[in-house]
2 protein chains.
Amino acid sequence: MNNYSKQREAILDVMKENLVHPTAEEIYQLVLEKEPQISKSTVYRNINILVELGEIKKLNMTVGPDRYDYLYKEHSHAICEKCGNIFDFYYDFNKDEISKELLKQIGNNIDINSITIYGICEDCKSNNKK
Amino acid sequence: MNNYSKQREAILDVMKENLVHPTAEEIYQLVLEKEPQISKSTVYRNINILVELGEIKKLNMTVGPDRYDYLYKEHSHAICEKCGNIFDFYYDFNKDEISKELLKQIGNNIDINSITIYGICEDCKSNNKK
DNA sequence: ACCGAAATTAGGAATAATTCCTAATTTTAA
DNA sequence: TTAAAATTAGGAATTATTCCTAATTTCGGT
């Protein structure tokens, strides 16, 4: 893998222009405007390649399909487990200390890529409609 | 919802007896031993109810189907984004401070349920077979 | 520029994971 | 004990994603 293709470039462009954590389907719809011939399987395949290359990040959702995020800058995510809203934020987690603690407790030296908060947002707390 | 059913009890028992982050399919297979008549849809429905009730936690995976964890004791998870291995560990995240920071940055008062580390485990780092 | 090998594509079929539907059964609470 | 409410089994349907294939595009060497 890794030959140039305008389809892959268009997908990355869409990710750069839309910092809104789109689903694969939403990425497909957005890319269609630039590349009307693109197929959904091409979108999925390239999304996976971009994740593999570290250009975008896959966000693991409690509700609904997975979402993706362009890594313009290091940041963390807080995800509402009820409505699926994703909030970007910055926090200086002590990754070195967490790594050390992981090594001590589980005996595995894990390269930390990201730290995600899962919880319930204000709206879902008040609107107690489930 | 919330009437007693032996099926739901059997599922919760399975979760208590198997602290290994099973998938829904694995839970189904394990419950079959106790309740040979149970159907997969009953398993899925009850898993969702137990998550809703806060008895078990849904773990959002980068690779493979979602997994579930019985909340016998508060702990965090480190998940390998390549092989999907899940490591339980304890770490005293400063949730109050993180909450404050979230409120300041995103204007939303999120109830933090859990904090998950995503990264690459030792094995996947060395075995560079992707 | 030309050519063959390698990579990528579109389009649709196939698969995997999960939810939905319905009639029958079980549970509840009065 | 009984009627309403909740739950079930079983399978169909849906959703999300991956796989397959022949055609096209890209690349590296000449």
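Guide: Welcome! Two strands pair if DSSP finds at least two bridges between them, where strands (E, at least two residues) and helices (H or I, at least four) are DSSP runs numbered from the N terminus. This is a predicted model, in which local features need pLDDT of at least 70 and side-chain atom pairs count only at pLDDT 80 or more, while totals for chains, interfaces and linings use all residues. Residues are numbered from 1 along each chain as its sequence is written, chains are lettered from A and ligands numbered from 1 in the order written, and side-chain values use heavy atoms, leaving out hydrogens and water.

Visitor: What makes β3 and β5 of chain A a pair?

Guide: Four bridges join β3(A), residues 76-80, to β5(A). The rule asks for at least two, so they pair. These two strands run parallel, and I79(A) stands opposite Y118(A) in β5(A).

Visitor: Why are the β4 strands called edge strands?

Guide: Let's follow the order of the open sheet of six strands: β4(A)-β3(A)-β5(A)-β5(B)-β3(B)-β4(B), with mixed pairing. β4 of chain A and β4 (86-89) of chain B each pair on one side only. Neighbouring strands of this sheet are turned by 25 degrees against each other on average, direction ignored.

Visitor: Which strands does α4(A) lie across?

Guide: α4(A) lies across β5 of its own chain together with β3, β4 and β5 of chain B, at about 100 degrees to β4(B). Helix α4 of chain B (residues 95-106) touches β3, β4 and β5 of chain A together with β5 of chain B, and makes about 100 degrees with β4(A). For such angles, axes are lines fitted to C-alpha atoms (for helices over the stretch in contact), and values run from 0 to 180 degrees between N-to-C directions.

Visitor: How many residues of each chain are in contact?

Guide: Contact means heavy atoms within 4.5 Å, and 41 residues of chain A meet 41 residues of chain B in this way. The buried area is about 3,700 Å², with carbon and sulfur atoms giving 53%; that is the accessible area (1.4 Å probe) lost by two parts on being put together, summed over both. In chain A, N60(A), Y91(A) and Y118(A) lose the most area to chain B, together 15% of what that side buries.

Visitor: What makes D111(A) and K125(B) a salt bridge?

Guide: Their closest N and O atoms are 3.4 Å apart. The rule wants a side-chain nitrogen of Lys or Arg within 4 Å of a carboxyl oxygen of Asp or Glu, so the pair qualifies. E52(B) and K82(A) come to 3.6 Å, which is also within the 4 Å limit. That pair crosses from helix α3 (residues 40-52) of chain B to the loop between β3 and β4 of chain A. Side chains of opposite charge can pair when their charged atoms come close.
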